[in-house]
Amino acid sequence: MFILTELKDTIAVKPSNLNKDLLDSIVDSINYKYSNKIIQDLGLALCLHSLLDSSEGFIQHSNGNVYYKCKFNLIIFRPFVGEILIAKVKSTSEEGITASVGFFDDIFIPIYNLPPITQYDKAESTFFWLANWEEDSDPFTSSPEQRAYIDIGENIRIRIEAEHFENVYPKPKKVAIEESEQDIIPTAYRLTASIDGQGLGVVSWWEEVEEEEEEEEDAQMEE
């Protein structure tokens, strides 16, 4: 889920930070530039791991900044395809489920990556899953007790299926406001996931199964 990536960059230390220790100033400036930023084809930068090298500083007279050529390691969030993560359900729609790992919200589980016999309940605005249901039967004839709902805030175990990077360029403020009112703004990095598989889905589903299996094993041992 997390990787270390070595980068080289010229880091600007602002005059307001020059009263600090030099190392602290460089570290703070690297974190300010990279933390919580998407790096194309790498992932989401979280924070600086280690500063490997830095040059002597040189001053840009136009702004007073001191620049240092640095080599450093960043901690990057980039789960690999096939990796299993624990996430929370952030929102649901008829197209699928949006999940979050707390610091990253752009994880989408499309409807075709949900378990078989999963339906969207418009009245509840969420999906429900029916275990051991005959596929020829209408799922909406099931009783509420038979439905395993996937509620917002539930912990779910997901499998990463694909990653997507897009070049997102800044636009004039007026254009950006007009587009945000009409279209979904693309994200620079997003993940596609699945909860269709053994052990995947709402975590409590499988905890209940494990508890039932343990009770059965205990009963057999007592006999």
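Buried means under 20% relative accessible area, exposed means over 50%, and partly exposed lies in between (1.4 Å probe, protein chains only). The model is predicted: local features need pLDDT of at least 70, side-chain atom pairs count only at pLDDT 80 or more, and totals for chains, interfaces and linings use all residues. Residues are numbered from 1 along each chain as its sequence is written, and side-chain values use heavy atoms, with hydrogens and water left out.

Start with charge pairs. A salt bridge here is a side-chain nitrogen of Lys or Arg within 4 Å of a carboxyl oxygen of Asp or Glu. The whole structure holds seven salt bridges. Three of them follow.

Take Glu 166 and Arg 190. Their closest N and O atoms sit 2.8 Å apart, in a salt bridge. This pair links distant parts of the chain, 24 residues apart. Glu 166 is in the loop between strand E12 (155–165) and helix H2 (173–182), while Arg 190 is in strand E13 (residues 189–194). Helices (H or I, at least four residues) and strands (E, at least two) are DSSP runs, numbered from the N terminus. How exposed is Arg 190? Its relative accessibility is 31%, so Arg 190 counts as partly exposed. Glu 166 is partly exposed too, at 30%.

Next, Lys 90 and Asp 105. Their side chains form a salt bridge at 3.2 Å, N to O. Lys 90 lies in strand E6 (residues 84–93), and Asp 105 lies in the loop between strand E7 (96–100) and strand E8 (107–110), so the pair ties together parts that are 15 residues apart in sequence. Lys 90 has a relative accessible area of 44% and is therefore partly exposed. Asp 105, at 29%, is also partly exposed.

Asp 28 is partly exposed at 34% relative accessibility. Lys 20 is partly exposed at 38%.

Now return to strand E6, where Thr 92 also lies. Is Thr 92 buried or exposed? Thr 92 is buried, because its relative accessible area is 16%. A polar atom of the Thr 92 side chain lies 2.7 Å from the backbone oxygen of Ser 125. What else does Thr 92 contact, leaving aside neighbours within four places in sequence? With contact meaning heavy atoms within 4.5 Å, the partners are Ile 97, Tyr 120, Ser 125, Thr 126, Phe 127 and Ile 150.

Conventions
A polar contact is a pair of N or O atoms within 3.5 Å; within protein, one must be able to donate a hydrogen and the other to accept it, and residues adjacent in sequence count only if both atoms are side-chain atoms.
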